[in-house]
Amino acid sequence: MAGLCVNRMSTDTKADAVKGPLVTLKGRRESLVKSWHIITIGNLSRNRYWGESDDRGVRAAICTCTVIKGDGFRVIVDPSLKDAGEMASELDRRTGLELSDIDTVFITHQHGDHHCGLPHFPRATWLAGNDVAAAMTKSARYNKPIKPAEKQIHDAIDVMPTPGHTMDHHGLRFDCAGLSVAIAGDAAATRDFWRERRGYFNAVDFKLSALTIDSISAIADVVVPGHDNYFLNLQPA
Ligand SMILES: [Zn+2]
């Protein structure tokens, strides 16, 4: 476990003395993952923490889309933009990569806003949890099968069951620069939903949603939610 001292500004030098590590990081420094990048910061169609009713959507939803770059791999998670030009432009703007540079697409769950950009990556391997892969392949919505993901992708990224929002929802976890990063998908809709341990309005199991947030919290220093910017999840040492 790596330690991190957080130094505070103060005019009182005695009180200011750093007494030791204040937070303990869960991630490892050694990792095949070299960088990760948010491509689109998502938003919800309705947000109870903004005073909006769960009963109807008031705006179009976009999910948070992430790219994970490592030694010999480039993975995109939940390709979020239906328009190929927009997807290409956002990918370039955030990473300098082209659509054809992506070798693997991972889909957290079967809700349409999390895979509407899938057809823009025809040469990549398409992965999801077992049931999601089977259901999406059976539906023949796209002209290529989605494969069930193994426990790890590229020997570097853990595939983790994150049930509650849907039963076969899966997130990813990896180490990068000493931080443990969890891509939670809709297991954590936004930071507010995470803080309140609450599933989004369309969750199939709210109790399980809360337990899943707890389990992600136990292993992640950084959380990438399904419809918000990433946030820190640091615990005192
Ligand atoms: Zn969803």
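Residues are numbered from 1 along each chain as its sequence is written, and side-chain values use heavy atoms, with hydrogens and water left out. Because the model is predicted, local features need pLDDT of at least 70 and side-chain atom pairs count only at pLDDT 80 or more, while totals for chains, interfaces and linings use all residues.

**Cores**

A nonpolar core is here a set of buried Ala, Val, Leu, Ile, Met, Phe, Trp, Tyr and Cys residues joined through side-chain atoms within 4.5 Å; buried means under 20% relative accessible area, exposed over 50%, and partly exposed in between, with a 1.4 Å probe and protein chains only. The largest nonpolar core has 22 residues, and those with the most contacts inside it are Ile76, Leu91, Val105 and Phe121. Two or more residues each come from strand E4 (65–70), helix H2 (84–95), strand E6 (104–107), strand E7 (125–128) and helix H3 (130–139), where helices (H or I, at least four residues) and strands (E, at least two) are DSSP runs numbered from the N terminus. H3 gives the most to this core, with three residues. Apart from it lies another core, of 21 residues, among them Ile38, Phe73, Val75 and Val159.

Valine 105 belongs to the residues with the most contacts inside the largest core. Leaving aside neighbours within four places in sequence, valine 105 is in contact (heavy atoms within 4.5 Å) with Ile76, Pro79, Leu118, Phe121, Ala124, Thr125, Trp126 and Leu127. In a regular strand the side chains alternate between the two faces of the sheet. In E6, Thr104 and Phe106 point one way and Val105 and Ile107 the other, and all are buried.

Two strands are said to pair if DSSP finds at least two bridges between them. Strand E5 (residues 73–77) pairs with E6 in the parallel sense over three bridges, and phenylalanine 106 of E6 is the bridge partner of valine 77. E6 also runs parallel to E7, joined to that strand by four bridges, and here phenylalanine 106 has leucine 127 as its bridge partner.

**Strand E11 and the open sheet**

Six strands form an open sheet of mixed pairing, in the order E9-E10-E11-E12-E13-E14, with E9 and strand E14 (231–232) as the edge strands, each pairing on one side only. E11 is mostly covered, since seven of its seven residues are buried: His170, Leu172, Phe174 and Cys176 lie on one side and Gly171, Arg173 and Asp175 on the other. The pairings within this sheet that can be described in detail include those below.

| Strands | Sense and bridges | Residue pair |
|---|---|---|
| E12 and E13 | parallel, four bridges | glycine 185 and proline 225 |

Phenylalanine 174 lies in E11, which spans residues 170–176, and is buried, with a relative accessible area of 0%. Not counting residues up to four places away in sequence, phenylalanine 174 touches Val33, Trp36, Ile68, Ala156, Ile157, Leu179, Ser180, Val181 and Ile183. Phenylalanine 174 and glycine 27 are 147 residues apart in sequence, yet their C-alpha atoms are 8.0 Å apart in space.

**Zinc site**

The protein donors of the zinc ion are His109 (NE2), His111 (ND1), His165 (NE2) and Asp186 (OD), lying 2.1 to 2.3 Å from the ion. Donors are N, O and S atoms within 2.8 Å of the metal (3.2 Å for Na, K and Ca), and water is not among the atoms, so sites may look incomplete. Along the chain the donors follow the spacing H-x1-H-x53-H-x20-D. Histidine 109 is buried, with a relative accessible area of 0%, whereas histidine 111 counts as partly exposed at 23% relative accessibility.

**Positive phi angles**

Alanine 140 is not a glycine but has a positive phi of about 55°; this alanine sits in the loop between H3 and strand E8 (147–148) and counts as exposed at 53% relative accessibility. Aspartate 155 likewise has a positive phi, near 55°, and is found in the loop between strand E9 (152–153) and strand E10 (157–161), where its relative accessible area of 65% makes it exposed. In the hairpin of E11 and E12, which has two residues between the strands, alanine 177 takes a positive phi near 55°.
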